[in-house]
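Open the model in your viewer and keep the selection tool ready. We will go stop by stop.

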Amino acid sequence: MQQHRTQASSQALTRRAMLRTIGVAGMALASSSAWADQSVELPIAGGPRQRPLTHDFPQKGPMILQRTRPPLLETPMEVFDRGVFTPNDQFYVRWHWAVIPTSVDAAAFRLSVSGHVNQVLSLSIGDLLKLPRVELAAVNQCSGNSRGFFSPRVPGAQWAHGAMGNARWTGVLLKDVLDRAGVKPGAIQVRFNGLDEPVVPEAPDFRKSLDIDHARDGEVMIAFAMNGEQLPLLNGFPLRLIVPGWYSTYWVKMLSDIEVLDRADDNYRMATAYTIPDTPHANIAPGQTGVKMVPISRMVPRSFFTNVAENASLPAAASATIRGIAFGGDTGVAKVELSMDDGRTWQLATLGDDFGKYSFRRWQMSVPRLEKGHHSLMVRCTNLSGDVQPAMPNWNNSGFMLNAVETAHITAI
Ligand SMILES: Nc1nc2c(c(=O)[nH]1)N[C@H]1C(S)=C(S)[C@@H](COP(=O)(O)O)O[C@H]1N2
Ligand SMILES: [Mo]
């Protein structure tokens with residue numbers, strides 16, 4: 001299992017990152033003007049280009065409002081520039097159904113473990129706290145993160161890149177909980193359900209399943225804390241599933257029911273929704289039919305600029321430090337490279353501290369003084385399995401798994 005650093009080192013890192021941020025007066029940070037307007041520019045293909053910032057959600061600071069009910073709140077990009085961990089109060093929020101408890105009594109809360117087990121369990125938070133504790137830094141990313149950049153446009157939340165976040169999750173191993181219940185031979189999958197409910201009873205509840213071996217891999221965990229604090233209600237208080245390296249559709253929030261199945265789960269969210277073309281990069285041509293579909297699963301490498309906004313202006317005279325974040329998907333970051341000549345040549349960026357293979361990794365690079373005029377900067381990540389971000393945008397009907405190389409167009413003045 002991944003080795004985890006202590007809380008103290010994350011705080012130290014955040015402090016250092018803050019100090020570095022103060023030193024970048026010349027750089028174009030999206031924040032200053034956007035925050036004053038209480039809206040942000042999102043240069044997504046289909047628009048709208050302006051999105052309201054909201055402060056109206058409990059335990060949440062300023063967030064980009066995608067939808068109110070059920071809440072879809074996006075993290076503003078400059079939050080990722082401040083540190084490798086995404087603060088809880090600006091961590092993105094996504095729910096499928098509007099019937100979400102507005103409070104949960106942690107003392108009365110019980111997690112049930114049932115189905116194909118020797119002993120049905122009803123565990124209090126106190127019971128879980130007695131199990132061995134684990135901590136893991138991991139990226140939580142929606143399958144549809146960056147959907148707003150799909151061209152042609154596809155239906156669904158038009159996220160920019162902020163439907164992702166990185167946190168240090170503390171909890172217990174799902175394996176330890178399953179072992180306490182005693183999984184019977186013949187178990188095939190494990191199904192997870194949370195306290196939220198569909199608005200109408202006939203609609204499909206949000207339940208997700210993992211194969212039994214994955215559920216018992218010693219990495220999948222039940223988290224009760226995020227960045228050293230209890231989970232915000234909107235991020236799943238009091239418990240959520242963490243499936244390191246997999247898209248967050250499996251990271252069931254307000255987790256209340258674990259059911260061991262002796263068959264494969266064929267519920268709507270597994271068999272129909274959240275499937276992708278079984279092709280490289282889940283890529284198909286718009287309109288292409290007859291493609292084999294498979295459930296979405298592992299994440300793929302991505303990298304982003306965090307201190308250069310799209311269409312930003314930089315001073316031509318000075319050299320600049322370009323910064324960003326990257327993650328490898330289901331494994332660590334091997335390298336991050338930048339190109340300033342439309343992908344003909346690539347230079348290695350310097351990587352920041354390593355918080356484990358499932359975490360964001362910061363990167364930075366000093367670029368020499370820029371010629372006056374337009375420039376495009378490209379960034380790409382290669383992960384430890386050798387997977388690299390594709391040069392051309394991948395496309396599918398659901399707007400899932402975009403991971404093409406990002407380009408920032410800037411003007412040196
Ligand atoms: N109970 C429950 N868990 C859920 C969902 C949901 O609708 N209900 N949505 C999933 C999806 S699709 C995403 S992207 C993540 C979002 O996690 P966050 O809101 O903590 O960022 O929660 C996942 N877990
Ligand atoms: Mo999602």
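Select Pro-70, in the loop between strand S3 (63-67) and strand S4 (72-74). This is a predicted model.

Next, select Phe-237 and Pro-238. Is the peptide bond between Phe-237 and Pro-238 cis or trans? It is cis, and omega is about 0°. Pro-238 belongs to the loop between strand S13 (229-230) and strand S14 (240-242).

Move to another loop. Strand S8 (134-141) and strand S9 (164-173) have a loop between them, and Ser-146 is found there. Check the backbone angle phi of Ser-146: the value is near 75°. That is positive, in a residue other than glycine.

Now for the cavities. Rolling a probe the size of a water molecule over the atoms shows where empty space is left. How many cavities of 30 Å³ or more are there? The count comes to two. The largest cavity has a volume of about 240 Å³. Its lining has 18 residues. Select Arg-94, Arg-240, Ser-248, Trp-251 and Lys-253, which are the closest to the centre of this cavity. Colour the whole lining by type and you get eight nonpolar, six polar and four charged residues.

What takes up the space of the largest cavity? Show ligand 1: the space it takes is that cavity. Around ligand 1 there are 18 residues. Select the ones that come nearest: Tyr-92, His-96, Asp-196, Arg-240 and Lys-253. The shell around ligand 1 divides into nine nonpolar, five polar and four charged residues.

- Asp-196: an N or O atom of its side chain is 2.7 Å from a nitrogen atom of ligand 1.
- Arg-240: here an N or O atom of the side chain is 2.6 Å from an oxygen atom of ligand 1.
- Lys-253: a polar side-chain atom lies 2.4 Å from an oxygen atom of ligand 1.

How much of ligand 1 does the protein bury? Taken alone, ligand 1 exposes 530 Å², and the protein buries 100% of that.

Note on methods: Residues are numbered from 1 along each chain as its sequence is written. Chains are lettered from A and ligands numbered from 1 in the order in which they are written. This is a predicted model: local features need pLDDT of at least 70, side-chain atom pairs count only at pLDDT 80 or more; totals for chains, interfaces and linings use all residues. Side-chain values use heavy atoms; hydrogens and water are left out. On a 1 Å grid over the protein atoms alone, a cavity is a set of points where a 1.4 Å probe fits but cannot get out, and a pocket is an open set with protein on both sides within 12 Å along at least five of seven lines; lining residues have an atom within 4 Å of a point. Grid points are joined across faces, edges and corners, and a volume is the space filled by probe spheres set on the points. Ala, Val, Leu, Ile, Met, Phe, Trp, Tyr, Cys and Pro count as nonpolar, Asp, Glu, Lys and Arg as charged, and the others, Gly among them, as polar. A residue is near a molecule or strand if one of its heavy atoms lies within 4 Å of it. A polar contact is a pair of N or O atoms within 3.5 Å; within protein, one must be able to donate a hydrogen and the other to accept it, and residues adjacent in sequence count only if both atoms are side-chain atoms. Accessible areas come from the Shrake-Rupley method with a 1.4 Å probe; for residues, only the protein chains shown count as cover. A molecule sits in a cavity or pocket if more than half of its atoms lie within 2 Å of its grid points. Helices (H or I, at least four residues) and strands (E, at least two) are DSSP runs, numbered from the N terminus.
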